[in-house]
Structures are given as structure tokens and as C-alpha cells.
Amino acid sequence: MLELSNITKSYSRPDGDIRVLTDVSLTVNAGEFLAVQGPSGCGKTTLLLAAGGMLHPDGGRVMLASEDFYKMNIEARAAYRARMVGFVFQQFHLLPYLSVLDNVLSPTLASDISDARNRAEELIANLGLAERRRHVPAELSTGERQRVAMARALLGRPKLLLADEPTGNLDAGNAAAVLDYLMQFARSGGAVLLVTHDSAVARQADRVIQMSKTAAKMAE
């Protein structure tokens, strides 16, 4: 489903470039849940953004469902990303003035999604949020906000879920629920790439890859 080959990325600074990723390669198959761990600053989030078509690498190739992400122009890449990729972040990134329902429907601003409203209502109900559908994020618990973010990520029936520390702000019960949703997605044939500092979370994955500080090597 996802193949990263020899990805490199540097950031320019007045005192010199900082190399974040150096020849990083990995694959995530359909039906697989892959976790990436490593110390802060080793490039985990940069890797995730490159994998999702959000951050153009300096070198290497990102293939998603046999399509080369960065050979597309910006518009085509955005449309493909909206159709193929769901993102779940630690900070949720919900729109504060929109209801639960409208937050879940927000991906329709970037892509046509068939039967979007019924799909959103179904996801909201399945994630135990039916009674909260008209509430705004400030009226929700932390766990409820993450479930809204999960529903939003799943709205377009993506093939790949990218999750950046999705349990980092959650208590044990809500963290377990989020992991269960991710595992269900993988079992249904989707691919999951998860970044986490939590070894207990990583142990739920099918495979765990360790990134070093230099990002020159990745080891299972």
C-alpha cells in the first residue's frame, strides 16, 4: 500500500542545514499496522508528513497504492491525498466553531465523498458520539475529541491511516479505544502507520520500526 524509498529531508537554518531524514525506506502493506518509534527530534513526524503527501522530501520516492505522490502536481496530490489518506493527530486539530458533525464532514471541503452525511452519522454513532453530534469541541472530553478526529479521518474511506501520537493526550481507557479502532481499520484491509513514544502502544502493532537520532538507519 505504502512504499517509501530512500527518503531524505533537510531544513534550512541561518547557521546551516539540518538533515532530518537520510535514505529512510519502509513499506506498509494493506492490512498491516506498523508503528515507528524513536527519540524526539529523530524525524518521525517529518516521515509521517512525507508519507501522507504533506511535505515534499528532498530526495527519494513515496508510492501510495502504486502512485508516485510527488510526481503529481499540487492539485492532483491534494485530491489523491483526500481520497486515499486519513490523518489522526495528538492535538486533534478540530475546528472550534464547528459541531461534531460538521467537523467530521470537513473533509468534504477538499473532496467529494459519496453519501457523506449518512457516512458521518454512522461513524459518529459507532464511535459513541451520537448524543454529542451538535456539540462543539470545547464541550467535549479529550477522549471524545480524539474520537471525532478518528471519525473525520475515516469519512472518505481511506486506504491509509497516518497517526501521530494519537494516544498521547488520552487516559488508558480512551487510548485503548483509539488503538482498537486503528486495529479494526487494519483488519478490514487498510494500512496504518503510527508514530508513538509509548512502547505499550507500539506493542499492539504488527511490526515496530526504530528510528535513530540521525535517521540514517531504521531497524525492526
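## Ground rules

Helices (H or I, at least four residues) and strands (E, at least two) are DSSP runs, numbered from the N terminus. This is a predicted model, where local features need pLDDT of at least 70 and side-chain atom pairs count only at pLDDT 80 or more, while totals for chains, interfaces and linings use all residues. Residues are numbered from 1 along each chain as its sequence is written, and side-chain values use heavy atoms, with hydrogens and water left out.

## Around S99

Look for S99 in the loop between β6 (85-89) and α3. S99 is buried, at 9% relative accessible area (buried means under 20%, with a 1.4 Å probe and protein chains only). A polar atom of the S99 side chain sits 3.1 Å from the backbone nitrogen of D102. Skipping residues up to four places away in sequence, S99 touches R133, R134, H135 and V136 (contact means heavy atoms within 4.5 Å).

## The largest core

A nonpolar core is a set of buried Ala, Val, Leu, Ile, Met, Phe, Trp, Tyr and Cys residues joined through side-chain atoms within 4.5 Å. The largest one here has 39 residues, and F33, V104, M150 and L182 touch the most other members. Helix α6 gives the most to this core, with 7 residues. Leaving out neighbours within four places in sequence, L182 contacts F33, M150, L161, A163, P166, V192 and L194.

## The open sheet

Four strands make an open antiparallel sheet, ordered β2-β1-β4-β5 (two strands pair if DSSP finds at least two bridges between them). β2 (18-28) and β5 (67-68) each have a single partner strand, so one side of each lacks a neighbour in the sheet. Between β4 (residues 59-64) and β5 there are 2 bridges, and L64 has E67 in β5 as its bridge partner.

Conventions:
Buried < 20%, exposed > 50% of the residue type's maximum accessible area, 1.4 Å probe, protein only. Polar contact = N/O pair within 3.5 Å; in protein donor to acceptor, adjacent residues only side chain to side chain.
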